[in-house]
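Hello,

Here is the structure I promised to pass on to you. Have a look at it first, and then read my notes below.

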Amino acid sequence: MPEARNPLEAFSNAVYDMFDKPVTWFRESIVEPNQKKYPWYHQQYRRVPTIDQCYTDDVVCRFEADQQFRRDRMVDNEVVSILRQRFEDCTMYEAPDHLEKCKETLEQYEKAAENWFIKCKNGDLGGYANAKSAYMKQKHRLIWERRYGPVGTGKNKREEVPEE
């Protein structure tokens with residue numbers, strides 16, 4: 001610290017140091033060594049109950065489930081985007097033989113895209129999708145698959161059972 005120019009400044013610095021030095025010492029020698037150092041973009045949120053585990057009148061649980069759904073959707077979007085970029089890079093790099101050399105990358109991308117369409121497609125859920133609407137979409141898809149087989153395989157005719 002530079003030398004004080006007058007007695008008032010020296011007194012002001014002494015009072016400041018009287019309060020600041022113990023706080024600075026405590027932070028530098030106790031708090032900072034005990035903190036985990038990680039970048040802000042690696043922040044991990046605890047998993048919260050899903051929407052099917054929330055009671056119908058538990059507003060806080062439903063809000064947390066919606067926030068978790070939005071975080072999961074953003075992660076899924078990025079995963080699909082990264083896999084698409086990898087496939088495009090592989091295609092550009094392996095130009096004439098890309099169909100056989102990039103086959104594994106393409107299969108990974110197609111599987112991730114299929115899972116994304118099943119879970120997160122905004123066209124079916126709308127722009128303001130929430131955990132409840134995604135859960136209902138999943139429920140309806142499972143009912144459909146139970147009746148007609150997997151989605152996308154064509155409409156299988158059920159055995160006609162006579163009603164009694």
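Buried means under 20% relative accessible area, exposed means over 50%, and partly exposed lies in between, with a 1.4 Å probe and protein chains only. This is a predicted model, where local features need pLDDT of at least 70, side-chain atom pairs count only at pLDDT 80 or more, and totals for chains, interfaces and linings use all residues. Residues are numbered from 1 along each chain as its sequence is written, and side-chain values use heavy atoms, leaving out hydrogens and water.

Let's start with the aromatic rings. Two aromatic pairs turn up in a search of the whole structure (ring centres of Phe, Tyr and Trp, the last by its six-membered ring, within 6.5 Å; planes under 30 degrees apart are stacked, over 60 edge-to-face, the rest tilted). Tryptophan 116 pairs edge-to-face with phenylalanine 117, at 5.0 Å centre to centre and 90° between the planes. Tryptophan 116 is buried because its relative accessible area is 18%, while phenylalanine 117, at 43%, is partly exposed.

Tryptophan 144 and tyrosine 148 make a tilted pair, because their planes stand at 45°, with the centres 4.4 Å apart. Tryptophan 144 is partly exposed, at 35% relative accessibility.

Now for the inside. The largest nonpolar core has nine residues, including Ile51, Cys54, Ala65 and Phe69 (a core is a set of buried Ala, Val, Leu, Ile, Met, Phe, Trp, Tyr and Cys residues joined through side-chain atoms within 4.5 Å).

Enjoy exploring!
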